[in-house]
Amino acid sequence: MRRIFKASLISIMAVLLTLTTFSVNPTVTSADSFDVQAESAILIDAETGKILYAKQPDIKLPPASMTKMMTEYLVLEAIDKGQISWDTTTQISDYAYSISANAEFSGIGLTQSKDYTVRQLYEGMAIISDNATTIALAELIAGSEGEFVKMMNAKAKEWGLTESSQFVNTTGLANSDLGDQYPEGTDPKGQDLLSAKAAAIIGYHIVNDYPEALEISSTMRSELDGRELQNLNWMLPWEDTNFKQFYMEGVDGLKTGWTDEAGYCFTGTAERDGRRLISVVMKTSSKEARFVETKKLLEYGFNTFTNKELYPEGYQVKDESVIPVAKGKEDQVEIATASYVKTAIKNGEEKAYEVTYHLDKDKLSEDGELIAPVKKGDKVGTMEVTYTGENDYGYVLDKGKSQTVDLVATSTVEKANWFMLTMGSIGDFFSNLFSGIADTVKGWF
């Protein structure tokens with residue numbers, strides 16, 4: 001998000017000088033050896049959701065245009081559900097038009113009484129962070145921005161972000177900037193708030209649920225109404241000498257943001273060799289710093305962690321994989337994991353994990369035995385995988401600081417018939433009787 005201000009020639013020269021002399025040093029070796037220059041930051045693995053680095057990730061701050069990531073997700077979801085398509089057209093309302101015509105909001109000057117496709121409006125929103133195109137999409141889907149804001153907060157609640165997010169509009173502007181046009185049902189002085197962790201979760205859902213969004217977020221140039229749209233992400237492969245120093249291999253998104261209150265923010269993502277990472281930096285000091293700190297985070301993640309399969313499907317813990325069975329034709333059954341366990345492992349910490357079995361209590365007898373019948377593939381419990389090393393940031397979703405995988409029976413144990421159960425009971429009776437007699441006899445000597 002940008003606001004246009006008049007600048008003197010001296011100011012312009014100063015900016016150019018900064019761009020051409022800013023130093024980038026992405027080399028990092030451990031989470032303790034560097035400090036990200038941002039008020040809040042986080043780095044996560046996009047496949048497993050493991051948090052690789054965090055700095056005050058739970059404090060809520062104004063996210064500026066990073067708010068638009070939630071708007072983007074809901075637009076993509078509406079397309080996925082068939083409610084709209086990329087070719088659906090809509091026109092610009094008086095409200096959206098007034099925002100578009102306002103130079104303080106960097107409006108690109110949309111035209112009323114003209115049809116715009118969803119694709120055109122989405123590109124305006126995702127590539128140059130335009131506010132009016134964002135509002136137009138919200139109005140198309142929900143009828144009004146106020147109704148769309150309700151959808152944003154509902155989705156946040158669905159993802160467990162109630163305590164770490166607040167949406168009052170679709171753009172990231174402060175409601176006070178909108179005057180009397182702030183979304184109905186919201187605080188006229190309110191503003192959007194996100195934690196870095198919440199922003200990372202939104203990014204996580206975008207790249208995993210709708211990876212096609214990355215095709216647009218990595219588009220360097222497009223056009224709308226004959227005007228060029230130039231991506232605000234300086235980490236893309238620009239030929240411009242001023243931006244080359246910020247380039248990083250694999251970066252293809254995701255969303256920049258800036259206001260006076262928010263400072264300079266960026267949710268970045270990059271993929272290398274099949275691995276994708278997502279980073280968030282909030283309230284950095286400059287346009288340049290948000291990309292420098294993002295590069296530092298992403299390089300750290302790619303250089304220091306590797307995604308590995310810790311335990312394969314069918315894994316069995318020695319001495320714990322054979323479980324006794326009550327009232328079955330066999331008196332025991334083997335159990336194993338139903339799927340593999342994969343996570344982002346820090347270099348040298350492959351052995352810093354331990355596992356614990358947890359059997360489902362409702363499937364056990366009073367003696368702790370599985371109750372027959374047991375079918376092959378039946379879930380009988382879970383295996384918990386816990387990291388035992390240092391700097392454990394846990395997982396970005398609901399996994400806490402451990403992962404769990406289902407435990408299933410590897411074979412079928414049928415329930416014994418009444419005769420076998422009766423004979424077993426008689427055998428147990430005499431066994432207990434003779435054992436008691438033997439103990440008594442021993443006591444005589």
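In this predicted model, Lys50 sits over the face of Tyr387, at 5.0 Å from the ring centre. Arg119 takes a like position over the face of Trp86, where the figure is 5.6 Å from the ring centre.

**Aromatic pairs**

Contacts between rings are also present: the structure holds 14 aromatic pairs. One of them joins Tyr300 and Phe305 in an edge-to-face arrangement, 5.8 Å centre to centre and with 85° between the planes. Tyr300 is buried because its relative accessibility is 1%, under the 20% limit. Phe305, at 5% relative accessibility, is buried as well.

Tyr311 and Tyr315 make up an aromatic pair that is tilted, with 4.8 Å centre to centre and 50° between the planes.

Trp234, Trp238, Phe243, Phe246, Phe266 and Phe291 form one aromatic cluster.

**An open sheet**

Strands β3, β7 and β6 form an open sheet in that order, and the pairing is antiparallel. At the edges stand β3, residues 60–61, and β6, residues 165–166, each of which pairs on one side only. Strand β7 covers residues 193–195 and pairs with β6 over 2 bridges, in the antiparallel sense. Within this part of the sheet, Gln166 is found opposite Leu193 of β7. In general, the strands of a sheet pair through backbone hydrogen bonds, and the sense may be parallel or antiparallel.

**Backbone geometry**

One joins Gly253 and Leu254, with omega at about 20°. Leu254 belongs to strand β10, which runs over residues 251–259. Another cis peptide bond links Ala372 to Pro373, and here omega is about 5°. Pro373 is placed in the loop between β18 (370–371) and β19 (379–387).

Positive phi values occur at Ser129 and Asp225, neither of which is a glycine. The table sets out the backbone values named in this section.

| Site | Feature | Value |
|---|---|---|
| Gly253 and Leu254 | cis peptide bond | omega about 20° |
| Ala372 and Pro373 | cis peptide bond | omega about 5° |
| Ser129 | positive phi | near 60° |
| Asp225 | positive phi | about 55° |

Ser129 lies in the loop between helices α4 (118–128) and α5 (131–142). With a relative accessible area of 3%, Ser129 is buried. Asp225 lies in the loop between strands β8 (221–224) and β9 (227–230). Asp225 counts as partly exposed because its relative accessibility is 22%, which lies between the 20% limit for buried and the 50% limit for exposed.

Methods: Residues numbered from 1 in each chain as written. Predicted model: local features only at pLDDT ≥ 70, side-chain atom pairs only at ≥ 80, totals over all residues. Heavy atoms only, no water. Pairing = 2+ DSSP bridges. Helix = DSSP H or I, 4+ residues; strand = E, 2+ residues; numbered from the N terminus. Phe/Tyr/Trp six-rings, centres within 6.5 Å; stacked < 30°, edge-to-face > 60°. Buried < 20%, exposed > 50% of the residue type's maximum accessible area, 1.4 Å probe, protein only. Lys NZ or Arg CZ within 6 Å of the ring centre and 35° of its normal.
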